Amino acid sequence: MDTSVTDFILSLLNIVFLDLILAGDNAIVIGLAARNLQGSSQKKAILLGTGGAVILRIIATILVVWLLKVPWLLLFGGLLLIMIAYKLLTGENTETDIQAGGTLWSAVRTIIVADAAMGLDNVIAIAGAAKHNITLVVLGLLISVPIVVWGSTLFIKLINRYPWIIYIGSAVLGFTASSMIADEKRIAPYFEAHPLLHVLFIALVIAGILAAGHWRRHRAPAGIRGSGNSE
């Protein structure tokens, strides 16, 4: 298979995996917002709300991809993503009060607004992993969001049963974050001149996230550790 095609497929799989790892809470929001509706109305609310959320997230991610071309924003985005990776491991999430919609359109509105408010980590992670490729952004979200909606319960149970999946997710986020920082135009020439330091930097970031997150996870009360699913 052509190298460029292989790179594209691997990048796409990376984006889908990141969005699935980060989107557990978003799937819960969808269920909460539509819980008061019945039958076909509930299904319509989920479909329309999810569709609106996907469109909004695609637009937001494309904007972030464009913004990451501004000097030093790759560095900022990478540092922010390191914090998100740490939060994923520790489960230190902010509880969101989601009001169930009483009508179809109020539920749709709640789903879209709540997803936009909670989706910052997804947007930054996907923008960093896409490496300015808008096609990857769109395809990745179109594939992963429906999986999140319809398979969220299964995926959350999978993570709870196999906690090491969270560590893989944090490691992938760490790799994405360190790659974003290393790609910053003002820093990239230094890493290009010292490829070994580039590899060591990525390894150090990933190891630091996993070590700090693991330490905090096992030091935290059981209730906090049990909420390890992040957005």
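## A buried threonine

The side chain of Thr-61 comes to 2.7 Å from the backbone oxygen of Arg-57, where a polar contact is a pair of N or O atoms within 3.5 Å, and, within protein, one atom must be able to donate a hydrogen and the other to accept it, while residues adjacent in sequence count only if both atoms are side-chain atoms. Thr-61 belongs to helix α3, which covers residues 39-67, a helix here being a DSSP run of H or I of at least four residues, and a strand a run of E of at least two, both numbered from the N terminus.

Thr-61 has a relative accessible area of 0% and is therefore buried; buried means under 20% relative accessible area, exposed over 50%, and partly exposed in between, with a 1.4 Å probe and protein chains only. Apart from its neighbours within four places in sequence, Thr-61 is in contact (heavy atoms within 4.5 Å) with Val-123, Ile-126, Ala-127, Val-137 and Leu-141.

## About the model

This is a predicted model, in which local features need pLDDT of at least 70 and side-chain atom pairs count only at pLDDT 80 or more, although totals for chains, interfaces and linings use all residues. Residues are numbered from 1 along each chain as its sequence is written, and side-chain values use heavy atoms, with hydrogens and water left out.

## The overall fold

The protein contains 11 helices and 0 strands, and 45% of its 231 residues count as buried. Among contacts between residues at least 6 apart in sequence, 87% join residues at least 24 apart.

## Two crossing helices

Helix α4 (residues 73-90) and helix α10 (residues 195-219) have axes that come within 8 Å and cross at roughly 35 degrees; the axes are lines fitted to C-alpha atoms, for helices over the stretch in contact, and angles run from 0 to 180 degrees between N-to-C directions. Residues of α4, including Ile-82, Tyr-86 and Leu-89, meet residues of α10, among them Val-205, Ile-209 and Leu-210.

## A salt bridge

The whole structure holds 1 salt bridge, defined as a side-chain nitrogen of Lys or Arg within 4 Å of a carboxyl oxygen of Asp or Glu. Asp-183 forms a salt bridge with Lys-131, and their closest N and O atoms are 2.8 Å apart. This pair links distant parts of the chain, 52 residues apart, since Asp-183 lies in helix α8 (residues 164-183) and Lys-131 in the loop between α6 (120-130) and α7 (134-161).

Asp-183 counts as partly exposed at 35% relative accessibility, and Lys-131 also counts as partly exposed, at 48%.
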